[in-house]
Amino acid sequence: MSTATRELARDLREQMLELGRAAKAASAELARSSATARNAALRAAADELRKSVAAIQRANDQDCAAAKERGLSAALLDRLALDESRIETTARGLEEIAALPDPLGQVIADWQRPNGLRIQRVRVPLGVIGIIYESRPNVTADAGGLCLKSGNAVILRGGSEATRSNAAIHACLVRGLTAHALPPRAIQLVPTQDREAVGFLLREMTEYIDVIVPRGGKSLIARVQQDARVPVIGHLEGICHTYVHSAANLDMARRIVVNAKMRRTGVCGATEQVLVDRGCAATHLAPIVQDLLKAGCEVRGDAQTEAVDGRVKRAAASDYGKEFLDAIVAIKVVADLDAALEHIRRYGSGHTEAIITDDKGAAERFLAELDSAILLHNASTQFADGGEFGMGAEIGIATGRIHARGPVGANELTSYKYVVRGSGQTRP
């Protein structure tokens, strides 16, 4: 290793450790802060976003232009792009987070023992959260806002494609913090795009970081889960299914399937696989396929699906269980509810699944027998979103089974402690 390389490595190490030290100090201060101050800072940050629309837009335009030159896909460009409407949605998200009940100090269980001891389980912050994410600059605001609400300091490491956009949004959050005397380093942005910074965050900062949350593609999630030396709240791919049951209302099925696939194809809640029950295929399959084609979606299907329209491409085996994140969908005709459940268990990622049916018994079986993080009846998978769940925003959709599942909002960014009150008891 050359002298120059060693110097760069030392500089990066010190830079990252300084982020960690500052975050740890800020987390202690936030844990003592009042809900009033944190909520006021969130509202102030929302105001700053609105005041800074032009500056954020300019930064995002530069990011989008650079991303196009690098050949990013249309789906990734959609994730990256900000306009006035999306910035306003982000600002409203911060205000909605501010309006939520304060999770800190919340008593989530309370009981008394025969010996007179009163025991309470009380919500507390996790501490310092490291968040690694790609493409979507609104995550900077969502993640920063949720961590602030829950009393956690956060170190944000966004993708290189959104560097300017992330910095512009981060500046608004910092101004919100300082306006209400909260530590400005409670929300920090890793200032370098050096890939080694991610490795350092995952492996070398266990003294400062309490949990890592990755939000991005399969390769990012895999790297974080493999390399992290602190707990990870992660999600796998969004391989989401919509099952059109034999008792599905045709008009409803057509509306939901097109929305679930095409509203935004690059989000993790987009339906990637549509299953059509053999019992309704004669009436439902062709209209659904034609609606998707008309909406600009490439349809890949099994032999029965291919037969309904010459524009359908024969699906490869690998198309089932694939996250396209694009205007592409895989369709399969299945024998019945049991076959649909078996297919989803085999190919799904545990993210989000929907059933469309007027048969309440079939719906209840679907909801009870699948173990994905989010299950819907007669609704689009695009509702897999913290904002739509009333959480204001989300850091991601967790598909694991430990600590958090589904949309990760402010409550999911807390742990708890036990508070025990006595009157002189000693243990015999």
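Before we start, residues are numbered from 1 along each chain as its sequence is written, and side-chain values use heavy atoms, with hydrogens and water left out. Because the model is predicted, local features need pLDDT of at least 70 and side-chain atom pairs count only at pLDDT 80 or more, while totals for chains, interfaces and linings use all residues.

1. Begin with helix α7 (residues 163-179) and its partner, helix α2 (residues 35-51), which pack at an angle of about 140° with axes 7 Å apart. Helices (H or I, at least four residues) and strands (E, at least two) are DSSP runs, numbered from the N terminus. Axes are lines fitted to C-alpha atoms, for helices over the stretch in contact, and angles run from 0 to 180 degrees between N-to-C directions. The pair α2 and α7 is therefore oblique; on this scale, angles under 35 degrees are roughly parallel, over 145 roughly antiparallel, 65 to 115 roughly perpendicular, and the rest oblique.

2. Which residues of α2 and α7 meet? On the α2 side they are A41, A44, A45, E48 and L49, and on the α7 side I169, C172, L173, R175, G176 and L177. Contact here means heavy atoms within 4.5 Å. By class, the contact of α2 with α7 has eight nonpolar residues, one polar and two charged. Ala, Val, Leu, Ile, Met, Phe, Trp, Tyr, Cys and Pro count as nonpolar, Asp, Glu, Lys and Arg as charged, and the others, Gly among them, as polar.

3. Helix α7 also packs with helix α3 (residues 53-69): their axes come within 7 Å and cross at roughly 160°. That angle is why α3 and α7 count as roughly antiparallel to each other. The crossing of α3 past α7 is left-handed, whereas α2 passes α7 in a right-handed crossing. A crossing is left-handed if the near helix is turned anticlockwise from the far one by less than a right angle, and right-handed if clockwise.

4. Now for the residues between α3 and α7. From α3 come I56, A59, N60, Q62, D63 and A66, and from α7 come T163, R164, S165, A168, I169 and C172. This contact of α3 with α7 divides into six nonpolar, four polar and two charged residues.

5. Another pair to find is helix α13 (residues 337-347) with helix α14 (residues 360-369), whose axes are 11 Å apart at an angle of about 25°. That makes α13 roughly parallel to α14. Here α13 passes α14 in a right-handed crossing. In α13, L337, D338, L341, I344 and R345 meet A362, R365, F366 and E369 of α14. The contact of α13 with α14 holds five nonpolar, no polar and four charged residues.

6. Buried means under 20% relative accessible area, exposed over 50%, and partly exposed in between (1.4 Å probe, protein chains only). Beyond four places in sequence, the contacts of Q120 include V107, A109 and K417.

7. H284, in helix α11 (residues 281-294), is buried with a relative accessible area of 7%. Its side chain makes a polar contact of 2.7 Å with the side chain of T283. Leaving aside neighbours within four places in sequence, H284 is in contact with V244, A248, N249 and L250.

8. A384 sits in the loop between β13 (374-377) and β14 (397-398) and is buried at 7% relative accessibility. Not counting residues up to four places away in sequence, A384 touches several residues, among them G269, H351 and F389.

9. Please look at two backbone angles too. S135 is not a glycine, yet S135 has a positive phi of about 65°; A181, also not a glycine, has a positive phi of about 60°. S135 lies in the loop between β3 (128-133) and α6 (138-149) and is buried, with a relative accessible area of 5%. A181 lies in the loop between α7 and β5 (187-189) and is exposed, with a relative accessible area of 68%.

Key
A polar contact is a pair of N or O atoms within 3.5 Å; within protein, one must be able to donate a hydrogen and the other to accept it, and residues adjacent in sequence count only if both atoms are side-chain atoms.
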